[in-house]
Structures are given as C-alpha cells and as structure tokens.
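Reader: I should like to learn how to read a protein model step by step. May we take one feature at a time?

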Amino acid sequence: MNVFDSNTPRTTASNEAEETLRLLANLPTPEGLEARVHLAIKQAPRSGAVLSWPHSSGSKSAWANSPFARGAAAAAIVAAVMGGCWEVYTRVQPAPSPNTYAMPRVAAPNGFSSANAMRTPRTLNGPVISPGQVKKNPAQKTDPRSVSSSPTKAQTPSK
Amino acid sequence: MSASQTYLAGWMEIAPTVREDTRQHEIEAALASMVDEYASTLYRVAYSVLRNPADAEDAVQEAFLRVLRHRDTLDEVRDHRVWLIRIVWNIVLDRKRRAKTRPETDDVSELARVLPAKGLSAEQRASAAQHHAHVLACIDQLPGKEREVLFLSAFEELSSVEIAGVLGITESSVRSRLFRARNLMAELLQHSRSLR
C-alpha cells in the first residue's frame with residue numbers, strides 16, 4: 001500500500017508536487033549501472049586481512065593452527081612488550097622540578113617599561129641624632145698638646 | 001626458492017580455511033544478487049535528492065561498499081531493501097548537506113531538462129519543464145522532515161511502514177508529517193500563483 005492512497009482534504013491541491021516527485025522517482029536508471037557497481041565492489045580493498053599462521057604439514061603441529069594456541073602466542077607477545085615497557089618506565093627517574101620559579105616581568109599598561117628603576121619609598125624625616133658628648137671632668141687637667149691637636153672639640157660650647 | 005623464503009611466504013600468505021572460504025563466496029553471491037535487484041531503486045532514491053546522475057551513481061556505489069565492509073552482519077538484516085535504502089538515504093543526505101553552497105536553481109533546471117515529456121510539442125515540453133522546476137523549488141522550501149517524507153512517499157514501492165523504517169520513526173509520524181507536507185505544499189503553490 002502506498003501512502004498516497006490516504007485521502008486528505010488538501011491532497012488534490014498538492015497533487016502537482018506529488019506528480020513531479022513520481023516522475024522523478026520513475027526516471028530510468030543509466031545503462032550499465034549494475035556492472036559498474038559490481039566492478040567497484042571487486043576493486044574495493046578487502047579489509048581485515050590478517051597475516052596468517054604458517055602452513056603446517058601433518059598432524060604433528062596441528063595445535064599451532066588452533067585459535068587457542070594463536071591466542072596464547074599473542075598474549076605472550078603482548079606480555080613481553082608490556083614487561084619491557086614497565087622495566088623502562090620504572091628505571092627512568094623523573095627530572096627534579098626547580099624550587100624557585102621565575103616570575104614573568106609584566107610590562108606597564110601604557111607600553112613603557114620601568115627600565116629597571118627601583119622605587120624608593122618616601123619616609124618621614126626622623127630626628128637627627130647628634131654624636132654623643134662626653135662630659136669633661138673639671139678637675140682633670142687639660143693637656144695643651146691635645147687642645148692644639150683638636151681645636152674644634154675645645155671650642156664646642158657647652159650647654 | 002630457499003627454505004627460509006618458503007617459510008616467509010607461508011607467513012605472508014592469506015590462507016582461509018575451507019569453511020571461511022565457502023562463507024565468503026556465499027556473502028559475495030548475496031551481495032551480487034542485491035546489486036542486481038536493488039541498484040536501480042537505490043539510484044532513483046539517490047537521484048530524487050541529489051538531482052545529479054553522477055552523484056547519484058556515486059552514492060549507490062558507496063552504499064554497496066558500506067555493505068561490503070559490514071558483510072558479516074548481513075545475516076542479521078531482516079529486510080535488505082529497506083536497509084539498503086536507509087544506507088543510501090543517509091549517504092545522500094550527508095552529501096546534500098555538504099554541497100549546500102551549490103545554488104538550488106542549477107539543480108532545478110537540470111532536473112527539468114531530464115524529466116520525460118513524451119507526446120508533447122516543444123512548446124508544451126518547455127512549459128512542463130518550467131512547471132516541474134517551479135514545483136521542485138517549492139518542495140525545497142519545505143522543512144526538512146516534511147520534505148524527506150514527501151520524497152520517499154513518491155516511490156510506489158515504499159509503504160508507510162517502510163518509510164518509517166528508513167527514517168527511523170513511527171508510522172504515525174510518517175502520516176502526520178506527510179499530512180503537514182501536503183498542506184504546506186498547497187499553501188506554497190497557491191501563494192506563488194497569487195504572486196504571478
């Protein structure tokens with residue numbers, strides 16, 4: 001049964017479209033289509049061709065053709081390869097990571113760099129500390145040579 | 001040939017067992033019969049969407065090559081015809097999607113040229129071609145889901161159940177989409193006539 005058999009109120013209005021599509025659906029196929037498809041199938045590569053087990057003569061080595069023996073051999077090969085990989089993996093030590101990290105220098109937003117200038121913080125002017133004065137003992141005699149050698153000390157007024 | 005060469009040749013040779021060989025022959029025979037039986041149907045399905053003979057033939061070949069790749073699952077397929085139409089349908093939709101940049105007007109004029117117009121004069125033939133081109137331009141304006149159902153429903157040999165199988169939807173969905181498609185087509189054709 002075709003779906004066009006159902007009667008709907010607007011079927012007649014869309015008959016033109018269906019007629020065009022039917023013409024399209026009944027177009028003759030090009031000659032030799034099947035032959036070309038056959039040829040394409042023949043030329044297509046056969047996938048899944050695995051290297052076969054070598055031919056064995058006689059029943060002595062018939063076990064070699066059994067799927068169990070093939071599976072066991074494949075498992076042995078995989079185990080040998082994996083064992084070698086594990087050996088290498090366990091022997092190789094990872095390189096130590098550095099303790100310090102160099103931080104990237106961030107450029108100023110306007111595009112100019114600071115040219116390695118160091119910022120000096122502004123600090124308050126603290127009290128000026130004058131060198132301490134040593135009180136003289138008035139009873140001690142002044143050596144005239146020492147007075148002459150250090151006149152500034154002698155001229156310093158006492159407060 | 002030395003002994004070692006003989007041994008190596010034994011490794012490289014593909015030696016299927018007798019049972020495998022027989023099975024391969026059976027599959028190839030089934031595939032060949034499918035080509036003979038369904039290639040023309042698949043071509044017409046592909047052509048209705050692609051509207052280009054070379055592209056349609058390519059799509060058919062690609063469909064059978066996909067079957068060849070999955071030939072081991074052939075026994076599990078219940079309806080080979082619907083299965084093949086589904087494969088080619090997916091291929092043509094994919095190609096149509098990729099070739100979206102191509103102007104639709106070229107497709108339409110090409111299609112109008114190949115449509116048969118037997119027993120018509122040259123003037124009538126030109127008029128018919130123009131009409132079909134106009135109708136196809138209206139079909140191209142339909143939404144994708146409705147357009148797909150309308151395309152497949154034009155094939156006499158496809159029932160609504162089979163269309164549902166091809167599109168992977170239910171039969172009731174096929175019917176409702178077809179109903180909408182017909183209504184939209186009627187509106188589009190009326191609208192285009194009123195503009196003329």
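**Reading helices and cores**

Author: Let us begin with a pair of helices: H8(B) and H9(B) pack with their axes 8 Å apart, at an angle of about 100 degrees. Because angles of 65 to 115 degrees count as roughly perpendicular, H8(B) is roughly perpendicular to H9(B). Please note that this is a predicted model.

Reader: How is such a packing described in general, and which residues of H8(B) meet which residues of H9(B)?

Author: Two packed helices are described by the angle between their axes and the distance between the axes. In this case, Ser160(B), Val161(B), Ile163(B) and Ala164(B) of H8(B) meet Glu171(B), Ser173(B), Val174(B) and Arg175(B) of H9(B). The residues of this contact of H8(B) with H9(B) comprise 4 nonpolar, 2 polar and 2 charged.

Reader: How many residues has H9(B), and what does H9(B) reach from its first C-alpha to its last?

Author: One sets the reach of a helix beside the span expected at 1.5 Å a residue. H9(B) has 25 residues and reaches 36 Å from first C-alpha to last, close to the expected 36 Å. For H4(B), with 19 residues, the reach is 27 Å, again close to the 27 Å expected.

Reader: Which residues of H9(B) are buried, and against what do they pack?

Author: A residue is judged by its surroundings: it is buried if 20 or more other C-beta atoms lie within 10 Å of its own. In H9(B) the buried residues are Val174(B), Arg177(B), Leu178(B), Ala181(B), Arg182(B), Leu184(B), Met185(B) and Ala186(B). They pack against H1 of chain A together with H6, H7 and H8 of chain B. In H4(B), the buried residues are Leu84(B), Ile85(B), Ile87(B), Val88(B), Trp89(B), Ile91(B) and Val92(B).

Reader: What is the count of buried residues in H3(A)?

Author: The count is 0 among its 25 residues, and H3(A) is thus described as hardly covered. The span of H3(A), residues 67–91 of chain A, agrees with expectation: its end C-alpha atoms are 36 Å apart, and 25 residues at 1.5 Å a residue should span 36 Å.

Reader: What is the secondary structure of each chain, and what share of each counts as buried?

Author: Here one reads whole-chain totals. Chain A has 5 helices and 0 strands, and 5% of its 159 residues count as buried. Chain B has 9 helices and 0 strands, and 31% of its 196 residues count as buried. In chain B, of the contacts with a separation of 6 or more, 62% are between residues 24 or more positions apart.

Reader: How many residues has the largest nonpolar core, and which have the most contacts inside it?

Author: The largest nonpolar core has 49 residues, and those with the most contacts inside it are Leu42(B), Ala46(B), Ala59(B), Val60(B), Ala63(B), Val88(B) and Val92(B). Two or more residues each come from helix H1 (15–25) of chain A and from H2, H3, H4, H6, H7, H8 and H9 of chain B. H2(B) gives the largest share of this core, 10 residues.

Reader: What does Val60(B) touch?

Author: Sequence neighbours up to four places away are left out. Val60(B) then touches Val37(A), Ala39(B), Leu42(B), Tyr43(B), Ala46(B) and Val88(B). Val37(A) lies in helix H2 (residues 33–43) of chain A; it counts as buried because it has 24 C-beta neighbours inside 10 Å. Beyond its neighbours within four places in sequence, Val37(A) is in contact with Val35(B), Ala39(B), Val60(B), Gln61(B) and Phe64(B).

Reader: Is Leu31(B) buried or partly exposed?

Author: Leu31(B), in helix H2 of chain B, counts as partly exposed because it has 18 C-beta neighbours inside 10 Å. Leu31(B) touches Ile41(A), Val67(B), Leu68(B) and Arg71(B), with residues up to four places away not counted. Leu31(B) and Leu68(B) are 37 residues apart in sequence, and their C-alpha atoms are 7.6 Å apart in space.

Reader: Where does Arg51(B) lie, and what is its phi?

Author: The backbone angle phi is read residue by residue. Arg51(B) lies in the loop between helix H2 (18–50) and helix H3 (53–69) of chain B. Its phi is near 55 degrees, a positive value in a residue other than glycine. Arg51(B) is buried, since 21 other C-beta atoms lie within 10 Å.

Methods
Residues are numbered from 1 along each chain as its sequence is written. Chains are lettered from A and ligands numbered from 1 in the order in which they are written. This is a predicted model: local features need pLDDT of at least 70, side-chain atom pairs count only at pLDDT 80 or more; totals for chains, interfaces and linings use all residues. Helices (H or I, at least four residues) and strands (E, at least two) are DSSP runs, numbered from the N terminus. The expected span of a helix is 1.5 Å times one less than its number of residues. A residue is buried if 20 or more other C-beta atoms lie within 10 Å of its own, exposed if 12 or fewer, and partly exposed in between; C-beta atoms are placed from the backbone. Two residues are in contact if their C-beta atoms, placed from the backbone, lie within 7 Å. A nonpolar core is a set of buried Ala, Val, Leu, Ile, Met, Phe, Trp, Tyr and Cys residues joined through C-beta atoms within 7 Å. Axes are lines fitted to C-alpha atoms, for helices over the stretch in contact, and angles run from 0 to 180 degrees between N-to-C directions. Angles under 35 degrees count as roughly parallel, over 145 as roughly antiparallel, 65 to 115 as roughly perpendicular and the rest as oblique. Ala, Val, Leu, Ile, Met, Phe, Trp, Tyr, Cys and Pro count as nonpolar, Asp, Glu, Lys and Arg as charged, and the others, Gly among them, as polar.
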